[in-house]
Structures are given as C-alpha cells and as structure tokens.
Amino acid sequence: MQENAKDIEAAVELRRAIAAEQMVVYFQPQVELATGRILGVEALVRWQHPERGLIFPDDFIPIAERNGMMNDLTDVVLNQAARQHALWQADGIDLPVAVNLSASSLRDSTLPDKIVAVCDRNGISRRGLSLEITETSVMAEPEAATAILRVMVERGFAIAIDDFGTGFSCLAHLRNLPVSMVKIDKSFVLDVVNSDADAHMVRGTIELAHGMGKQVVAEGVESKEALDLLLLMGCDQGQGYHWSRPVPAEQLTEWVTGNQNTALSSNVGGAAPIPAQESKRLAVLRRYRVLDTAYEAIFDDIAAAASRVCGTAMSAVSLVDADRQWFKARVGLKMRETARDLAFCAHAIMDPDQLFVVNDACADERFATNPLVTGDPRIRFYAGAPLVAPDGSAVGSLCVIDSIPRQLSGSQLEALSQLSKHVVAIFEAKQHLAEIAQKWGTSSRNLPTAV
Ligand code: C2E
Ligand code: CA
Ligand code: CA
C-alpha cells in the first residue's frame, strides 16, 4: 500500500517534470569500427531534477511505463532529437539520431505519422531520425509490432533491434523483422575479451545478422582490447565509453568540429579518468561478485574504523564499476551509488601505488563544480586508498570524506592504506570460498556471508 502511494507520488512528480521541460536528451556517438568515423548518435534521455541533479533513465522510465507516460516521454525525445539534428545540419554536421521506442509505442498506430510530422516540422529528411526497439518489446506482441515497424520502414525510417541477445527470441523472428540493424546487448560486450561464452555469443550474432543482410552494432565497448576483438570478428559499428559517454549536444558538437582524433580517443564528457587495462580491472571486480550485494558488518566495521582513525564525518568502501561507484559500506553518506563521472574514487583508482588526497575540493578545479561538492554531501576533503587486487587492478577505494578542508598526518594515511588491504583480503577470501563451494558442489549461498 505504502509502495503504491510512493509510486503515485513519483508518477505525479514525473508528469510535472515532463510538462516543465526537465527532460534533457544526451547523445552518444555510434562509430564505424574500421574507420573510427561517427555514423550517427543515439538519443538518451535524462531528467534534470532541480534538487536531485541528473537522474538516469533506469530510475524513471519504469515509472513512466507503469503510469502510461511513455508516449509523452517519447514525444519529448523525438522532438528534441529532430531539433538537434536540424541544428547540426544547419552547421554542416550530418549526424542522424536514433531514438528509443518502448513497448507501448508499438501499440500506438498513430506513431509512424507522428514521427513523419516531427520530421516535417523540423525540416529534416527521414534519414535524420532512426528508431531503436528492444528485442523484448517486439517479442511481447510480435505480430502487432512487426506490422507497425513495417509502416515505419515504408515511411523511410531505419530501425534497429536493441539489447539483442537478452530476449530469448526465436531466431526465425529476426528474419521476418523489418530491421536493418542489430545492436548486441552490452552485457555480452563488456567482458567479451575475458569471457569465452560472451565471445561466442557475439561472434554468433554477427554471423547470423550478416547472413540476413543486417548491420551489427556492439554496445558497451569500453576498451581498445574490446574494439580490436570486435573488429576481428567483423562487427560493423560500436558504441561505448571507449569513445564517449552520452553527452549534451554542445559537447558533441565541440568534439565533432574540433580535432576528431584527439578528443575521441581521450573520451569526451569531462568524464571520469579511465585506467589502462580497464576491461581487465572490471573483470576482476565482477569476479568478486560484490556489486549490489547486501551490507555486511565486516565492511561497515572497516569503514567506521577509517572514519575514527582519520577523524572524518564520512567514509566508504567504494567499488568503481563501469559507469558508477557503488558503496559496499558507508558512514555518514545517504546515497548508495553515484555516477562514475562524479566519483572522487574514480581518481583514486588511477594509481594503485598511491593514496589520492584532495585537501580542499573547492580549491581544486577538477572538483570545484562537482555536484557532490556544491550540493550534498558537500565534500571538501577526500582521501582514498585504492583497493588493489593481487594482479594490480584497483577495483575501488576505501575513502574518508569531510565537509571541511583538512589534512591527514602520515600515520593516518598509513592506517587508511592498511585498512584498504583488509578489504581486498576479505574480497579474495570470499571469492576463494565461493570457488571451493562450486568445486565441491555446495551452494556458496549456504556459506556464512561474513568471513
Ligand atoms: P539502451 O538503449 O541500451 O542505451 C544504452 C545504455 O548503455 C545507455 O544507458 C548508455 O549510457 C549505456 N552505455 C553506453 N556505452 C556504455 C559502455 O561502454 N559501458 C556501459 N556500462 N554502459 C554504456 P542510459 O543512458 O542510462 O540508458 C539506459 C536505458 O534507458 C537505455 O538503454 C534505454 O533502454 C532506456 N532509454 C534511454 N532513453 C530513452 C528514451 O528516450 N526512450 C526510451 N523508451 N528508453 C530510453
Ligand atoms: Ca538503445
Ligand atoms: Ca541497448
């Protein structure tokens, strides 16, 4: 009942936000692997909340879906995408924009005409907009979906099937779908360099799609190693942090009009720095199977000890995932995760041999305008000891934070570094226990959670 009330409240707030034009569209380039050229961009919606800052679609699209707001949201994104495409065209930049449709869009028989009208209103050609629809949405009602997709193709719009590989669809369906492009879901691409199973899946999909005359885009390309492997496998295009995160239009324009090669390889977006061998680092982190698990007393105790030793109000055991930092333990902090781009800990993992210390964030141009500095929890002081796995990868950091500028003594820094080693030792021990359990046929779930 309470949940229900919360959902209604969230829906009311979201409806108001859509009307108040708080939805903003970010753009992420889609790159031709063989040449590095940008062939187009994907439009990805965000909610610019006046108090809570930028909210990502996974946190509000489900609310829109449950409350019948997806068509309104799609209209907003289609309009912003078309307007931006027109602005780029006027500047001599040819960037077709792909817009995501939801399952409910496929039940709206007026949608093809709506999209035509959006193009006409903005004076753009129909190849200026393309559409993405997930495999799961199509499979929910394959006949109706195929019919509406056909109409869109007849009207001149290209269609890509999104998140391919997650929907367990019968492959014969792919043949019948009027789509010109298949986007392999990022869950198969993120670890393609290290996982044989993922590599098989990706290679198989590329061959299957090419056999049907369709282009293939790999999502979630985060490293040069992944890019090289995908090229070898014959993949056509890629999208991912290796080139750029989704960024506001102006930033993409700057990049496209500036020096393409330098900006693209150094990652647009004022984004978090990415360490060398990032895919290996992420593979180590995933092997620990710690992300999104429950709090455990042992890690809480270590974070509390760090705060006590350093005399700070806040501390955390932070794991730096591909696009976020996630807290396994936290003292004095309200949020469970933040975007990686905002994370001080994303800097702390850059050098596994050193602590990362910011004595006054307001006096440091890398952080002075960071929303975690200008707003809650108002970080002024930060010290993070990298959590270094035996192979040298830093998976996160044990950090202490304060809302006043400070300095730590040498022995406090040494203690923080020692505590960070305990965190990794526990991750390692838990991983070994899980492996033993698997080998001897016991479910690791039956093992005690704290070591
Ligand atoms: P999607 O369509 O699969 O979009 C790709 C998502 O992957 C984006 O997340 C993007 O930021 C993320 N991504 C891109 N490259 C990488 C990478 O290298 N590594 C990792 N780990 N992630 C990467 P985002 O923007 O949070 O969007 C999440 C989902 O929300 C989208 O997944 C899409 O399903 C939905 N969505 C976003 N905008 C819209 C929209 O306007 N309409 C609809 N219906 N859905 C939308
Ligand atoms: Ca998409
Ligand atoms: Ca996708």
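A polar contact is a pair of N or O atoms within 3.5 Å; within protein, one must be able to donate a hydrogen and the other to accept it, and residues adjacent in sequence count only if both atoms are side-chain atoms. This is a predicted model, in which local features need pLDDT of at least 70 and side-chain atom pairs count only at pLDDT 80 or more, while totals for chains, interfaces and linings use all residues. Residues are numbered from 1 along each chain as its sequence is written, chains are lettered from A and ligands numbered from 1 in the order in which they are written, and side-chain values use heavy atoms, with hydrogens and water left out.

**Exercise 1.** Determine which polar links cross the interface of domain 1 and domain 2.

*Solution.* 
Step 1. The domain assignment, from an automatic or database source, gives domain 1 as 2–265 and domain 2 as 284–440.
Step 2. Three residue pairs, both members at pLDDT 80 or more, are in polar contact across this interface.
Step 3. The rule also finds one salt bridge there, that is, a side-chain nitrogen of Lys or Arg within 4 Å of a carboxyl oxygen of Asp or Glu.
Step 4. Arg245 forms a salt bridge with Asp341, with 3.3 Å between the closest N and O atoms.

**Exercise 2.** State which residues coordinate the calcium ion (ligand 3).

*Solution.* 
Step 1. Donors are N, O and S atoms within 2.8 Å of the metal (3.2 Å for Na, K and Ca); water is not among the atoms, so sites may look incomplete.
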